[in-house]
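Here is a short tour for someone meeting this chain for the first time. Have a look at the sequence and the model, then read on.

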Amino acid sequence: LQGAGSRGDQARQLIIDLETRGKQAFPVFLSVLRDTGQGDLADMLVQECESPPAVPQLLDLRPVELELPGEKQHKRLPFLTGVASHWISRQALGKRGSSIVACPCQVYELKADPCGHCLILNNVTFSRDSHLSTRVGSDLDCEKLERRFKALHFDVLARRDLKAQEMVLELQKLAQRDHSALDCCIVVILSHGCQTSHIQFPGGVYGTDGKPIPIEKIVNYFNGSNCPSLRGKPKLFFIQACGGEQKDRGFIVDCDSPKDETPGASLESDATPFRAPSGNVDEPDAIACLPTPSDILVSYSTFPGFVSWREATGSWYVETLDSVLERYARSEDLLDMLLRVANAVSAKGSYKQIPGCFNFLRKKFYFMC
(Lines give C-alpha, C1' and ligand atoms only; values in the text may rest on other atoms or scores of the structure.)
Protein backbone atom coordinates (compact mmCIF):
# COMPACT_ATOMS: atom_id res chain seq x y z
CA LEU A 1 0.00 0.00 0.00
CA GLN A 2 2.85 2.40 0.79
CA GLY A 3 4.02 2.09 -2.81
CA ALA A 4 0.63 3.12 -4.20
CA GLY A 5 1.44 6.85 -3.97
CA SER A 6 -0.50 9.46 -2.03
CA ARG A 7 -2.70 8.64 0.96
CA GLY A 8 -5.74 8.86 -1.29
CA ASP A 9 -4.19 6.34 -3.70
CA GLN A 10 -3.29 4.09 -0.76
CA ALA A 11 -6.87 4.15 0.49
CA ARG A 12 -8.22 3.32 -2.97
CA GLN A 13 -5.72 0.50 -3.28
CA LEU A 14 -6.86 -0.84 0.10
CA ILE A 15 -10.47 -1.02 -1.07
CA ILE A 16 -9.49 -2.64 -4.36
CA ASP A 17 -7.38 -5.17 -2.45
CA LEU A 18 -10.39 -5.99 -0.29
CA GLU A 19 -12.46 -6.56 -3.43
CA THR A 20 -10.06 -9.24 -4.62
CA ARG A 21 -9.66 -11.10 -1.30
CA GLY A 22 -12.92 -13.02 -1.32
CA LYS A 23 -16.50 -12.49 -0.19
CA GLN A 24 -15.61 -12.27 3.52
CA ALA A 25 -12.86 -9.64 3.16
CA PHE A 26 -15.04 -6.61 3.74
CA PRO A 27 -17.04 -8.13 6.67
CA VAL A 28 -13.73 -9.18 8.27
CA PHE A 29 -12.42 -5.64 7.79
CA LEU A 30 -15.50 -4.28 9.60
CA SER A 31 -14.99 -6.85 12.36
CA VAL A 32 -11.37 -5.77 12.84
CA LEU A 33 -12.47 -2.15 13.14
CA ARG A 34 -14.93 -3.11 15.88
CA ASP A 35 -12.41 -5.35 17.67
CA THR A 36 -9.93 -2.46 17.82
CA GLY A 37 -12.41 -0.02 19.28
CA GLN A 38 -13.38 1.58 16.00
CA GLY A 39 -16.98 0.40 15.91
CA ASP A 40 -18.14 3.91 15.05
CA LEU A 41 -16.12 3.78 11.83
CA ALA A 42 -17.58 0.38 10.94
CA ASP A 43 -21.10 1.66 11.62
CA MET A 44 -20.39 4.75 9.54
CA LEU A 45 -19.29 2.60 6.59
CA VAL A 46 -22.43 0.47 6.72
CA GLN A 47 -24.60 3.57 7.18
CA GLU A 48 -22.98 5.37 4.25
CA CYS A 49 -23.46 2.32 2.02
CA GLU A 50 -27.19 2.32 2.72
CA SER A 51 -27.76 6.07 2.26
CA PRO A 52 -27.97 7.89 -1.13
CA PRO A 53 -24.78 9.70 -2.21
CA ALA A 54 -24.54 13.31 -1.13
CA VAL A 55 -23.30 16.16 -3.30
CA PRO A 56 -19.64 15.35 -4.11
CA GLN A 57 -17.09 17.22 -2.04
CA LEU A 58 -13.35 17.29 -1.96
CA LEU A 59 -11.69 14.27 -0.40
CA ASP A 60 -11.11 14.73 3.31
CA LEU A 61 -8.20 12.43 4.14
CA ARG A 62 -7.09 12.11 7.75
CA PRO A 63 -5.44 9.43 9.89
CA VAL A 64 -7.51 7.48 12.40
CA GLU A 65 -5.92 6.44 15.70
CA LEU A 66 -6.21 2.69 16.29
CA GLU A 67 -5.10 1.19 19.61
CA LEU A 68 -4.58 -2.53 19.20
CA PRO A 69 -5.36 -4.80 22.19
CA GLY A 70 -2.26 -5.42 24.33
CA GLU A 71 -0.30 -2.62 22.68
CA LYS A 72 0.31 0.86 24.00
CA GLN A 73 1.40 2.42 20.74
CA HIS A 74 -1.15 3.75 18.29
CA LYS A 75 -1.41 2.64 14.70
CA ARG A 76 -2.39 5.09 12.01
CA LEU A 77 -4.76 3.98 9.28
CA PRO A 78 -5.34 6.32 6.32
CA PHE A 79 -9.08 6.58 5.94
CA LEU A 80 -11.42 8.35 3.52
CA THR A 81 -14.49 10.29 4.58
CA GLY A 82 -17.14 12.27 2.76
CA VAL A 83 -17.33 11.43 -0.93
CA ALA A 84 -14.77 8.64 -0.52
CA SER A 85 -17.10 6.64 1.71
CA HIS A 86 -19.67 6.82 -1.07
CA TRP A 87 -16.95 5.66 -3.45
CA ILE A 88 -16.45 2.67 -1.14
CA SER A 89 -20.15 1.89 -1.06
CA ARG A 90 -20.57 2.17 -4.83
CA GLN A 91 -17.32 0.67 -6.07
CA ALA A 92 -16.39 -1.90 -3.42
CA LEU A 93 -19.86 -3.06 -2.48
CA GLY A 94 -21.84 -2.47 -5.68
CA LYS A 95 -24.84 -0.48 -4.43
CA ARG A 96 -28.16 -1.61 -5.93
CA GLY A 97 -31.14 0.42 -4.66
CA SER A 98 -31.29 0.14 -0.89
CA SER A 99 -29.57 -3.24 -0.72
CA ILE A 100 -25.83 -3.94 -0.52
CA VAL A 101 -24.43 -6.40 -3.04
CA ALA A 102 -20.86 -7.48 -2.34
CA CYS A 103 -18.97 -8.42 -5.52
CA PRO A 104 -15.29 -8.92 -4.60
CA CYS A 105 -15.00 -12.03 -6.77
CA GLN A 106 -16.05 -10.17 -9.93
CA VAL A 107 -12.61 -8.72 -10.67
CA TYR A 108 -9.93 -10.27 -12.88
CA GLU A 109 -6.73 -10.85 -10.94
CA LEU A 110 -3.58 -9.37 -12.44
CA LYS A 111 -0.77 -10.52 -10.15
CA ALA A 112 1.86 -11.59 -12.68
CA ASP A 113 4.68 -9.24 -13.67
CA PRO A 114 4.62 -8.76 -16.57
CA CYS A 115 0.84 -9.02 -16.62
CA GLY A 116 0.90 -10.49 -20.11
CA HIS A 117 1.95 -10.04 -23.72
CA CYS A 118 0.92 -7.04 -25.83
CA LEU A 119 1.29 -7.26 -29.62
CA ILE A 120 1.00 -4.04 -31.68
CA LEU A 121 0.63 -4.42 -35.47
CA ASN A 122 1.26 -1.03 -37.06
CA ASN A 123 0.69 -0.77 -40.81
CA VAL A 124 1.81 2.59 -42.22
CA THR A 125 3.05 2.16 -45.80
CA PHE A 126 1.04 0.05 -48.25
CA SER A 127 2.01 -1.45 -51.61
CA ARG A 128 1.23 0.49 -54.76
CA ASP A 129 -1.03 -2.29 -56.01
CA SER A 130 -3.19 -2.02 -52.89
CA HIS A 131 -4.23 1.58 -53.75
CA LEU A 132 -4.15 2.33 -50.03
CA SER A 133 -2.67 5.61 -48.78
CA THR A 134 0.17 5.97 -46.29
CA ARG A 135 -1.19 6.25 -42.76
CA VAL A 136 0.54 9.42 -41.60
CA GLY A 137 0.59 9.71 -37.80
CA SER A 138 0.28 5.98 -37.14
CA ASP A 139 3.88 5.71 -35.91
CA LEU A 140 3.02 8.26 -33.21
CA ASP A 141 0.00 6.16 -32.23
CA CYS A 142 2.22 3.10 -31.98
CA GLU A 143 4.82 4.87 -29.84
CA LYS A 144 2.16 6.16 -27.43
CA LEU A 145 0.57 2.77 -26.90
CA GLU A 146 3.92 1.01 -26.66
CA ARG A 147 4.97 3.34 -23.83
CA ARG A 148 1.57 3.14 -22.16
CA PHE A 149 1.31 -0.65 -22.02
CA LYS A 150 4.92 -1.00 -20.91
CA ALA A 151 4.11 1.38 -18.05
CA LEU A 152 1.15 -0.87 -17.22
CA HIS A 153 3.53 -3.84 -16.87
CA PHE A 154 2.98 -5.59 -20.20
CA ASP A 155 5.65 -7.22 -22.35
CA VAL A 156 5.18 -5.23 -25.59
CA LEU A 157 6.18 -6.27 -29.13
CA ALA A 158 5.51 -3.81 -31.99
CA ARG A 159 5.68 -4.94 -35.62
CA ARG A 160 5.50 -2.51 -38.56
CA ASP A 161 4.23 -2.87 -42.14
CA LEU A 162 3.20 -6.51 -42.37
CA LYS A 163 1.37 -8.17 -45.23
CA ALA A 164 -1.87 -9.94 -44.38
CA GLN A 165 -0.26 -13.37 -44.13
CA GLU A 166 2.58 -11.97 -42.00
CA MET A 167 0.01 -10.44 -39.65
CA VAL A 168 -1.74 -13.80 -39.38
CA LEU A 169 1.54 -15.56 -38.58
CA GLU A 170 2.36 -13.04 -35.81
CA LEU A 171 -1.10 -13.46 -34.30
CA GLN A 172 -0.91 -17.24 -34.47
CA LYS A 173 2.55 -17.19 -32.93
CA LEU A 174 1.24 -15.15 -30.00
CA ALA A 175 -1.82 -17.38 -29.58
CA GLN A 176 0.37 -20.51 -29.55
CA ARG A 177 2.64 -19.24 -26.77
CA ASP A 178 2.29 -20.55 -23.24
CA HIS A 179 0.37 -17.92 -21.25
CA SER A 180 -0.02 -20.10 -18.16
CA ALA A 181 2.10 -17.86 -15.92
CA LEU A 182 0.46 -14.67 -17.24
CA ASP A 183 -2.89 -13.06 -16.49
CA CYS A 184 -3.87 -11.22 -19.67
CA CYS A 185 -3.20 -10.71 -23.38
CA ILE A 186 -3.55 -7.57 -25.52
CA VAL A 187 -3.61 -7.13 -29.30
CA VAL A 188 -3.52 -3.67 -30.91
CA ILE A 189 -4.02 -3.20 -34.67
CA LEU A 190 -3.38 0.10 -36.43
CA SER A 191 -4.27 -0.11 -40.12
CA HIS A 192 -6.77 0.67 -42.87
CA GLY A 193 -10.07 -1.11 -42.40
CA CYS A 194 -13.21 -2.23 -44.18
CA GLN A 195 -16.55 -3.98 -43.75
CA THR A 196 -16.80 -7.76 -43.91
CA SER A 197 -19.53 -10.29 -43.36
CA HIS A 198 -19.37 -11.73 -39.88
CA ILE A 199 -21.04 -13.89 -37.27
CA GLN A 200 -19.49 -12.49 -34.08
CA PHE A 201 -17.27 -9.43 -34.61
CA PRO A 202 -17.71 -6.96 -37.50
CA GLY A 203 -15.06 -5.35 -39.66
CA GLY A 204 -11.69 -6.22 -41.11
CA VAL A 205 -8.17 -4.77 -41.29
CA TYR A 206 -5.77 -4.64 -44.23
CA GLY A 207 -2.27 -5.94 -44.54
CA THR A 208 0.19 -3.76 -46.45
CA ASP A 209 -0.49 -5.87 -49.56
CA GLY A 210 -4.13 -4.71 -49.54
CA LYS A 211 -5.59 -8.06 -48.43
CA PRO A 212 -8.18 -7.90 -45.63
CA ILE A 213 -8.26 -9.97 -42.46
CA PRO A 214 -11.61 -10.17 -40.61
CA ILE A 215 -11.50 -9.00 -36.99
CA GLU A 216 -13.55 -12.07 -36.17
CA LYS A 217 -10.78 -14.32 -37.48
CA ILE A 218 -8.16 -12.44 -35.44
CA VAL A 219 -10.15 -12.66 -32.21
CA ASN A 220 -10.89 -16.35 -32.62
CA TYR A 221 -7.20 -17.25 -32.67
CA PHE A 222 -7.30 -16.46 -28.94
CA ASN A 223 -10.59 -18.02 -27.87
CA GLY A 224 -10.86 -20.90 -25.42
CA SER A 225 -10.74 -23.53 -28.15
CA ASN A 226 -7.63 -22.26 -29.92
CA CYS A 227 -5.63 -20.84 -27.00
CA PRO A 228 -6.09 -23.07 -23.90
CA SER A 229 -3.50 -21.24 -21.77
CA LEU A 230 -5.65 -18.07 -21.93
CA ARG A 231 -8.89 -19.75 -20.87
CA GLY A 232 -10.66 -17.70 -18.22
CA LYS A 233 -8.19 -14.81 -18.69
CA PRO A 234 -9.04 -11.44 -20.25
CA LYS A 235 -8.11 -10.98 -23.91
CA LEU A 236 -8.28 -7.35 -25.03
CA PHE A 237 -8.26 -6.08 -28.63
CA PHE A 238 -7.92 -2.42 -29.61
CA ILE A 239 -8.66 -1.69 -33.29
CA GLN A 240 -7.74 1.64 -34.89
CA ALA A 241 -9.21 1.20 -38.36
CA CYS A 242 -12.29 2.24 -40.28
CA GLY A 243 -15.38 0.10 -40.12
CA GLY A 244 -16.54 1.30 -43.54
CA GLU A 245 -16.80 4.36 -45.77
CA GLN A 246 -19.72 6.26 -44.27
CA LYS A 247 -18.95 9.74 -42.95
CA ASP A 248 -21.06 10.85 -40.02
CA ARG A 249 -21.96 14.54 -39.88
CA GLY A 250 -23.78 14.02 -36.58
CA PHE A 251 -27.05 15.62 -35.49
CA ILE A 252 -28.00 18.79 -33.68
CA VAL A 253 -28.62 18.57 -29.94
CA ASP A 254 -30.36 21.08 -27.72
CA CYS A 255 -27.57 21.40 -25.17
CA ASP A 256 -24.27 23.08 -25.83
CA SER A 257 -21.58 20.63 -26.88
CA PRO A 258 -17.85 21.08 -27.25
CA LYS A 259 -16.80 22.33 -30.67
CA ASP A 260 -13.56 21.48 -32.39
CA GLU A 261 -12.07 22.93 -35.51
CA THR A 262 -13.51 21.84 -38.84
CA PRO A 263 -11.50 18.95 -40.28
CA GLY A 264 -8.79 20.38 -42.49
CA ALA A 265 -6.59 19.05 -45.24
CA SER A 266 -4.47 17.12 -42.73
CA LEU A 267 -7.43 15.06 -41.53
CA GLU A 268 -7.53 11.58 -43.01
CA SER A 269 -9.64 8.47 -42.56
CA ASP A 270 -8.64 4.83 -42.43
CA ALA A 271 -11.51 3.89 -44.74
CA THR A 272 -10.97 2.08 -48.01
CA PRO A 273 -13.46 0.67 -50.50
CA PHE A 274 -14.03 -3.01 -49.89
CA ARG A 275 -13.35 -4.84 -53.15
CA ALA A 276 -15.87 -7.68 -53.12
CA PRO A 277 -15.21 -10.82 -55.16
CA SER A 278 -17.55 -12.03 -57.89
CA GLY A 279 -21.13 -12.47 -56.76
CA ASN A 280 -20.89 -9.35 -54.60
CA VAL A 281 -20.28 -11.29 -51.38
CA ASP A 282 -17.66 -10.70 -48.74
CA GLU A 283 -14.49 -12.70 -48.23
CA PRO A 284 -15.34 -16.29 -47.29
CA ASP A 285 -12.78 -16.36 -44.47
CA ALA A 286 -14.82 -13.68 -42.68
CA ILE A 287 -17.26 -16.44 -41.75
CA ALA A 288 -16.31 -18.69 -38.86
CA CYS A 289 -18.19 -21.40 -37.01
CA LEU A 290 -16.50 -21.29 -33.60
CA PRO A 291 -17.72 -21.43 -30.00
CA THR A 292 -18.99 -18.19 -28.56
CA PRO A 293 -15.92 -16.47 -27.06
CA SER A 294 -15.71 -15.47 -23.42
CA ASP A 295 -13.32 -13.18 -21.51
CA ILE A 296 -12.88 -11.13 -24.70
CA LEU A 297 -13.29 -7.42 -25.29
CA VAL A 298 -12.88 -5.78 -28.71
CA SER A 299 -12.63 -1.99 -28.64
CA TYR A 300 -13.29 -0.34 -32.02
CA SER A 301 -12.21 3.18 -32.88
CA THR A 302 -15.51 3.77 -34.69
CA PHE A 303 -19.02 2.42 -35.23
CA PRO A 304 -19.24 -0.41 -37.80
CA GLY A 305 -19.63 0.99 -41.31
CA PHE A 306 -18.15 4.41 -40.50
CA VAL A 307 -14.76 6.02 -41.02
CA SER A 308 -12.17 6.58 -38.28
CA TRP A 309 -10.36 9.92 -38.36
CA ARG A 310 -6.60 10.38 -38.12
CA GLU A 311 -4.29 13.41 -38.30
CA ALA A 312 -0.53 13.90 -38.65
CA THR A 313 -0.30 13.88 -34.85
CA GLY A 314 -2.12 10.55 -34.61
CA SER A 315 -5.68 9.21 -34.55
CA TRP A 316 -8.46 10.66 -32.40
CA TYR A 317 -9.11 7.27 -30.84
CA VAL A 318 -5.54 6.34 -29.87
CA GLU A 319 -4.69 9.82 -28.63
CA THR A 320 -7.76 9.80 -26.38
CA LEU A 321 -7.29 6.19 -25.25
CA ASP A 322 -3.68 6.90 -24.25
CA SER A 323 -4.70 10.02 -22.32
CA VAL A 324 -7.52 8.23 -20.46
CA LEU A 325 -5.28 5.28 -19.56
CA GLU A 326 -2.62 7.64 -18.25
CA ARG A 327 -5.08 9.40 -15.97
CA TYR A 328 -7.49 6.68 -14.85
CA ALA A 329 -5.84 3.25 -15.26
CA ARG A 330 -5.03 3.06 -11.53
CA SER A 331 -8.52 3.91 -10.32
CA GLU A 332 -11.16 2.86 -12.86
CA ASP A 333 -12.12 -0.35 -14.60
CA LEU A 334 -11.69 -0.73 -18.36
CA LEU A 335 -15.34 -0.27 -19.33
CA ASP A 336 -15.61 3.01 -17.45
CA MET A 337 -12.47 4.24 -19.18
CA LEU A 338 -13.80 3.24 -22.62
CA LEU A 339 -16.93 5.29 -21.90
CA ARG A 340 -14.65 8.27 -21.26
CA VAL A 341 -12.91 7.61 -24.59
CA ALA A 342 -16.22 7.39 -26.46
CA ASN A 343 -17.51 10.60 -24.91
CA ALA A 344 -14.32 12.57 -25.65
CA VAL A 345 -13.95 11.36 -29.25
CA SER A 346 -17.63 11.97 -30.03
CA ALA A 347 -17.14 15.68 -29.22
CA LYS A 348 -14.43 16.17 -31.84
CA GLY A 349 -14.62 17.67 -35.33
CA SER A 350 -17.38 18.55 -37.79
CA TYR A 351 -17.38 14.99 -39.04
CA LYS A 352 -18.24 12.77 -36.08
CA GLN A 353 -16.85 9.51 -34.74
CA ILE A 354 -17.98 7.28 -31.88
CA PRO A 355 -15.80 4.45 -30.54
CA GLY A 356 -17.49 1.39 -29.07
CA CYS A 357 -16.78 -2.15 -27.97
CA PHE A 358 -18.03 -5.71 -28.07
CA ASN A 359 -17.72 -6.86 -24.49
CA PHE A 360 -17.67 -10.52 -23.49
CA LEU A 361 -15.73 -10.07 -20.25
CA ARG A 362 -17.21 -11.84 -17.22
CA LYS A 363 -15.62 -9.61 -14.59
CA LYS A 364 -14.35 -6.10 -14.06
CA PHE A 365 -10.90 -5.43 -15.45
CA TYR A 366 -8.37 -3.15 -13.75
CA PHE A 367 -4.91 -2.44 -15.21
CA MET A 368 -3.12 -3.35 -11.98
CA CYS A 369 -0.46 -5.85 -11.03
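## Surface and overall make-up

The accessible surface of the chain comes to about 18,600 Å², and 51% of that belongs to carbon and sulfur atoms. Accessible areas here come from the Shrake-Rupley method with a 1.4 Å probe, and for residues only the protein chains shown count as cover. Keep in mind that this is a predicted model: local features need pLDDT of at least 70, side-chain atom pairs count only at pLDDT 80 or more, and totals for chains, interfaces and linings use all residues. Residues are numbered from 1 along each chain as its sequence is written, and side-chain values use heavy atoms, with hydrogens and water left out.

The chain has 9 helices and 16 strands. Both are DSSP runs numbered from the N terminus: helices are H or I with at least four residues, strands are E with at least two. Of the 369 residues, 47% count as buried; that means under 20% relative accessible area, while exposed means over 50% and partly exposed is in between (1.4 Å probe, protein chains only). Take the contacts (heavy atoms within 4.5 Å) between residues at least 6 apart in sequence, and 77% of them join residues at least 24 apart.

## A β-α-β unit

Strand β5 (residues 116–122) and strand β6 (residues 154–160) run parallel, joined by 7 bridges. Two strands pair if DSSP finds at least two bridges between them. Together with helix α5 (residues 138–151), β5 and β6 make a right-handed β-α-β unit. Right-handed means that, with the strands pointing away from the viewer, the path from the first strand over the helix to the second runs clockwise.

The peptide bond from D113 to P114 is cis, with omega near 5 degrees, and P114 is found in the loop between β4 (99–100) and β5. H153, in the loop between α5 and β6, has a phi near 70 degrees, a positive value in a residue other than glycine. D161 is not a glycine either, yet its phi is positive at about 55 degrees; its place is in the loop between β6 and α6 (164–175). H153 is partly exposed, with a relative accessible area of 34%, and D161 is also partly exposed, at 23%.

## Nonpolar cores

Which residues have the most contacts inside the largest nonpolar core? They are F149, F154, I186, L236, F238 and F367, in a core of 34 residues. A nonpolar core is a set of buried Ala, Val, Leu, Ile, Met, Phe, Trp, Tyr and Cys residues joined through side-chain atoms within 4.5 Å. At least two core residues come from each of β5, α5, β6, β7 (184–190), β11 (235–240), α8 (316–328) and α9 (334–346). The largest share, 7 residues, comes from α8.

Leaving aside neighbours within four places in sequence, F238 is in contact with several residues, including F149, I186, Y317, L321 and L338. Apart from this core lies another, of 28 residues, among them V168, C185, F201 and V205.

UniProt places the feature "active site" at H192 and C242, in an unreviewed entry. Its positions are given in the numbering used here, feature names are shortened, and annotations may be inferred rather than shown by experiment. H192 lies in the loop between β7 and β8 (193–194). Is H192 buried or exposed? H192 is buried, with a relative accessible area of 1%.

Next comes an open sheet of 3 strands, antiparallel, in the order β8-β9-β10. β8 and β10 (212–214) stand at the edges, each with a single partner strand, so one side of each is left without a neighbour in the sheet. β8 and β9 are joined by 2 bridges, and C194 has G204 in β9 as its bridge partner. Q200 lies in the loop between β8 and β9 (204–206) and is buried, with a relative accessible area of 15%. Q200 and E216 are 16 residues apart in sequence and 6.3 Å apart in space, C-alpha to C-alpha.
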